[in-house]
Amino acid sequence: MHAEQLEIIDFLRRTSPFTELPDEALAEVAGQVEVAYYKAGSPILSFAEEIHHWYLIRSGAVEVFRRNGELYNRLSEGGFFGEFGLLRNNRVRFPVTALEDTLVYLIAEPLFNRLFEAHERFADLVEVEDQTRLRHAVERQKDANPLLNAPAETLIGRPPLCLTADASARTAAQRMSEEGASSLLIRGPGADDRAGLVGILTDRDLRDRLLAPGLPYDTPVSQIMSTDLHWVRHSEFVFEAMLLMLRHNLHHLPVLKRDQVLGVIALSDIIRHESQNSLFVVRSIYQAQSLEELVALRQDVRASFSRMVNEDANSRMIGGAMAMIGRSFKQRLLELGEEKLGEPPVPYCFLALGSMAREEQLIVTDQDNAMILDNRYDASLHEGYFRDLAEFVCDGLAACGYSYCSGKIMASNPQWRQPLRVWEENFSQWIEQPTAEFLLHSSIFFDLEGVWGNLHWADMLNQLIRRKARQNRRFLAAMARNALHRTPPLGFFKGFVMETDGQHSHSINMKRRGTAPLADLLRVHGLSVGSQARNSFERLRDVIDANILPPGRGPDLRDALELISMVRIRHQALDLEAGREPDNRVEPDNLSDFERKNLKDAFQILSNAQKFLRYRYA
């Protein structure tokens, strides 16, 4: 063995987590490491770039950043970084820069994976243990960047279109016409500019510098192109590209990665990017003048969902935005319905139920709604109007992507279109004499929100529910038993238990086995402490403040809810990206080892929380 390898082994023996490895594994590492040197101030890893090595600092120091530029950590000799990127799709999540002149050992991904799989203690030290690991994963996600912080490269729609500087203006115009492009990058032989670029030719250059002065079409593009080049690095954020374009009055901006051109982003790409903002989608909904225009916005809703996921929004932001969009569809359909049918004969309130009322709606959702009618409602006079209005709204929602409720809990069902006094009687009876039939729907009816009309009636029902439920132990016990019907998918040895459905036998339904039972148990706790909240995170905050949970369980539940929700959300976003119809069925084999371990931790927390629910209310 060479002296250099012996020196490396000696260093590894003194450095955690390598202290957990046997000598033969240390020898293998020493025999395969590569050495790299970085001068102080030079970047080592850039956000979103591919990563295939794990980094161990031999000497020097580095700074680790969040993608918004905020300092995340400083590491010195013995510190390591890059493991999060290796375990999460081989993309750098935390950029790293050398703080001092730094020497690092690079361990290739295959060797890292073998060590990770073969030596559990080593793996545990690389990650963070148990709930702390989960906590850190969620905290990182929670503190991720706000919207608009997508990297510029995400706006690139095609590879760069290039032409040489001696090509004619006619050739350039033909190329732009054939490709449907509004710009061409111009390269010059022997040029020392980045990527050999000497200029950019745009529609505006052809108009202002060729056609307006009347130059011949065989004029070389070198005479009419723009030579004052600006560019943006691939990892810089969209808003930085926007600022650069505004500062220099640019409509096109090349995107570079290590001096290679990835493509060009245009002002239209920025506008298209912004059109996927959820607020823009909501504005478009209110501007729609017909059902057909509303239906046409379905793809914008999906694009908005995908964009929020890609920009690391947390589950509360995504659930809240999707609920806001769903509410807007309901409200605009009711406006259009009233325009079509005329003024309502008596006041009413249209209700959102379930996930929309909790502001936890995702892209895969059905419609749960109902209608409160004025107590002066007379079926012989008014039924036709409200039947037609409810059917107009429910059919419209279905056309816009909100499936009909399989249990027919919709305002189009006359059973759920009742005067206020009937609703008050129903809720009183359900709480005082809970039946098996009602409990089947309890997860829907006890999360209600008024979205249109006399919203005060929805507030009155919510007050009645909270006042009566808190005082009724029998009702809470029935709700608790009902909340235990859906259990987390963990077996006796804490392995995943897959669905028994033959078609989806290798998957886990993340709604039925994860987010729904969490929402159910938090609803019971929330009602027991008189919480006014509907959102599960807000209910949990009230439950923690009421001090009814064992020490430490509240934060664990919050992290479990966030992690399970985000696994479900990311799965749906990946389905959309792949052109598949999104669903709630996640196949653990498609998750990284890091995600599988965190998911088991989260399900174990849910399982423990259900045991406590049984103990407290049984």
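Leu-243 lies in helix 9 (residues 238-248). The model is predicted. Its salt bridges number 26. The largest nonpolar core holds 66 residues, and a second, separate core holds 45.

**Surface patch**

- Leu-243 has a relative accessibility of 44% and therefore counts as partly exposed, since that class runs between 20% and 50%.
- Leu-243 forms a nonpolar surface patch together with Phe-239 and Leu-246.
- The accessible area of Phe-239, Leu-243 and Leu-246 together is about 300 Å².
- In soluble globular proteins, by contrast, nonpolar side chains tend to be buried together.

- Phe-475 is in contact with Trp-430, Ile-431, Pro-434, Phe-438, Phe-446, Ala-469 and Leu-527, leaving aside neighbours within four places in sequence.
- The second core, separate and made of 45 residues, includes Ala-288, Val-301, Ile-318 and Leu-333.

**A buried histidine**

- His-382 sits in helix 16 (residues 379-399).
- The relative accessible area of His-382 is 11%, so this residue is buried, the limit being under 20%.
- Beyond neighbours within four places in sequence, His-382 is in contact with Pro-345, Val-346, Arg-376 and Tyr-377.

**Salt bridge Glu-7 to Arg-58**

- The side chains of Glu-7 and Arg-58 form a salt bridge, at 2.5 Å from N to O.
- Glu-7 belongs to helix 1 (residues 3-13) and Arg-58 to strand 3 (residues 53-59), so the pair ties together parts that are 51 residues apart in sequence.
- Glu-7 is partly exposed, at 34% relative accessibility.
- Arg-58 is buried, with a relative accessible area of 15%.

**Salt bridge Asp-208 to Arg-207**

- Asp-208 and Arg-207 form a salt bridge, with their closest N and O atoms 3.3 Å apart.
- Asp-208 is partly exposed at 42% relative accessibility.
- Arg-207 is also partly exposed, at 45%.

- Asp-447 and Arg-539 form a salt bridge, with their closest N and O atoms 2.6 Å apart.
- Asp-447 lies in the loop between helix 19 (442-445) and strand 18 (448-453), while Arg-539 is in helix 23 (residues 536-545), so this bridge ties together parts that are 92 residues apart in sequence.
- Both Asp-447 and Arg-539 are buried.
- Shared partners link salt bridges into one network of Arg-358, Glu-360, Asp-447, Arg-486, Asp-520, Arg-523 and Arg-539.

- Strand 13 (residues 252-257) pairs with strand 14 in the antiparallel sense over six bridges.
- Leu-253 stands opposite Ile-265 of strand 14.
- Strands of a sheet pair through backbone hydrogen bonds, either parallel or antiparallel.

Terms used:
Residues numbered from 1 in each chain as written. Predicted model: local features only at pLDDT ≥ 70, side-chain atom pairs only at ≥ 80, totals over all residues. Heavy atoms only, no water. Core = buried A, V, L, I, M, F, W, Y, C linked by side-chain atoms within 4.5 Å. Buried < 20%, exposed > 50% of the residue type's maximum accessible area, 1.4 Å probe, protein only. Contact = heavy atoms within 4.5 Å. Helix = DSSP H or I, 4+ residues; strand = E, 2+ residues; numbered from the N terminus. Patch = residues over 30% accessible without salt bridge, like charges linked within 9 Å, V, L, I, M, F, W, Y side chains within 5 Å. Areas by Shrake-Rupley, 256 points an atom, 1.4 Å probe, with all protein chains shown as cover. Salt bridge = Lys/Arg side-chain N within 4 Å of Asp/Glu carboxyl O. Pairing = 2+ DSSP bridges.
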